[in-house]
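Please read the following points alongside the structure, beginning with the surroundings of the ligand and moving on from there.

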Amino acid sequence: MDLTERRNLRGGRPIWTSDEKRIPRADALPSGTIDVAIIGAGIMGAMLAERLARGGRSVVVLDRRPPAHGSTAASTALIQWAMDVPLTHLAREIGADEAARRWRRIYKAVGDLRERIDAEAIDCSLLDRPELYLEGKLLNADSLREEGEARIAAGLPSRYLAAGAVTERFGIAPAAALTDTAFTLDPVSLTLALLDRARGHGATLCFPADVTGVSGAIELTLADGRTLHAREAILATGYERSRWFVPPEFAVASSFAIATPPMDPFPWREEALIWQASDPYLYVRPTSDGRVLAGGADESFADAARRDARIDAKGGTIAAAVAAMIATQPLLVDHAWAATFGTSPDGLPAIGRAAHHDGLWVAAGFGGNGISFALLASDIICGALDGAPDEDADCFSPYRFKTP
Ligand SMILES: Cc1cc2nc3c(=O)[nH]c(=O)nc-3n(C[C@H](O)[C@H](O)[C@H](O)COP(=O)(O)OP(=O)(O)OC[C@H]3O[C@@H](n4cnc5c(N)ncnc54)[C@H](O)[C@@H]3O)c2cc1C
């Protein structure tokens, strides 16, 4: 069995451009023993590479595809600390204190990601916008009020707005939880910029490099027979899971998205990020060139042919649902796409040492906040390698649902 699954990760026409002109040249595979080999050149691998190389380690990033050609190129990239599983629901499962600890840690990751982008002066079409979490089938107005109170009790900056207050400010009918610390970005530009920064610190970027096996401490075998030696290796392979090291609780499904042509005037106030407390949820966001980007209509299957056959129909469904949610004219669809999407029971990622293999790590951003989870993974793994373990690392262990 190969080290990781092989999937057709996306179909249709995502909005982000990752054309040949933007792809950096590939480096030769280094010889000798590298400090850290990262398998995967999506946002997860890029974030890890930049951080590790900046810290002075020798780093190689390997990918079977060109950089940023996996799930990252299909992401709708809303960066928010509110997660798929409401805080009040997670608290029922693991207790209020533990749920609050996890939410605060993601809140920190979102703030740190914002700071990192500024510090590196990365141009990734970033937009700071208010975020509205609307009442839906998962949380009605009363439950949403409780959710808002739980967030505040956890020390998180959130406000509950009754339906009238939402209508007055945003022109939308339902009650909502409001936060002011969300943003959107172009995930391909961010990934390519981070890889560029990593290379500036000496990292090597090798593709196509299809890693088929890992043995010892540590030898990576490539599909073409080449080998590479590293002190540590990180599986940043996204939704192409390693069955050896990623437990089945981290599941894959399908999600769908659309983008309209640029709209002037923009169809709702303050260009807020809006999503519904439903499962699956519908969400919308602006882009920097004035498009409406919307997603949802998830399906539990991950078969790519079945998924891609539904792109047009799902695009129509999403456009109609958004028009109903924000009471606008029907939306025109300029881009429509589908992608594999990863979920976990608590909406949180798999980050930590791989079971039964010294020097091997898992960094997989399952859940709707995968981009912030990449920043979190860089904190946890770099902290451990630097001898300063992250005090919240146990919350995100790949094996938290049962012992491996
Ligand atoms: C439709 C959609 C909407 C989303 N919306 C949001 C959102 O709003 N906000 C948010 O934060 N997150 C969102 N996410 C999640 C987020 O985009 C993902 O978590 C993230 O992009 C995954 O990045 P990655 O680097 O882990 O995976 P990828 O980008 O897939 O990169 C992994 C790489 O590993 C490579 N690879 C795999 N196996 C091997 C191997 N054996 N050898 C060599 N290379 C290998 C692959 O080729 C791939 O390039 C969304 C995702 C999707 C699909």
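1. In this predicted model, the shell around the ligand is made up of 16 nonpolar, 15 polar and five charged residues. Of the 36 residues around the ligand, those that come nearest are Thr4, Asp63, Arg65, Thr72 and Val211.

2. Of the 990 Å² of accessible area that the ligand has on its own, the protein covers 98%.

3. Helix H1 (43–54), strand S16 (335–343) and helix H9 (370–385) are the elements that give two or more residues to this shell, and S16 gives the most, with three residues.

4. Leucine 9 lies in the segment before strand S1 (10–12) and counts as buried because its relative accessibility is 7%, under the 20% cut-off. Beyond its neighbours within four places in sequence, leucine 9 is in contact with residues including Arg65, Tyr239, Arg307 and Ala338.

5. Strand S5 (residues 127–134) is largely enclosed by the rest of the structure, because six of its eight residues are buried. S5 pairs with strand S7 (residues 176–184) in the antiparallel sense over seven bridges, and with strand S13 (residues 273–276) in the parallel sense over four bridges. Leucine 134 stands opposite alanine 176 in S7 and opposite glutamine 276 in S13.

Note on methods:
Residues are numbered from 1 along each chain as its sequence is written. This is a predicted model: local features need pLDDT of at least 70, side-chain atom pairs count only at pLDDT 80 or more; totals for chains, interfaces and linings use all residues. Side-chain values use heavy atoms; hydrogens and water are left out. Buried means under 20% relative accessible area, exposed over 50%, partly exposed in between (1.4 Å probe, protein chains only). Contact means heavy atoms within 4.5 Å. Two strands pair if DSSP finds at least two bridges between them. A residue is near a molecule or strand if one of its heavy atoms lies within 4 Å of it. Accessible areas come from the Shrake-Rupley method with a 1.4 Å probe; for residues, only the protein chains shown count as cover. Ala, Val, Leu, Ile, Met, Phe, Trp, Tyr, Cys and Pro count as nonpolar, Asp, Glu, Lys and Arg as charged, and the others, Gly among them, as polar.
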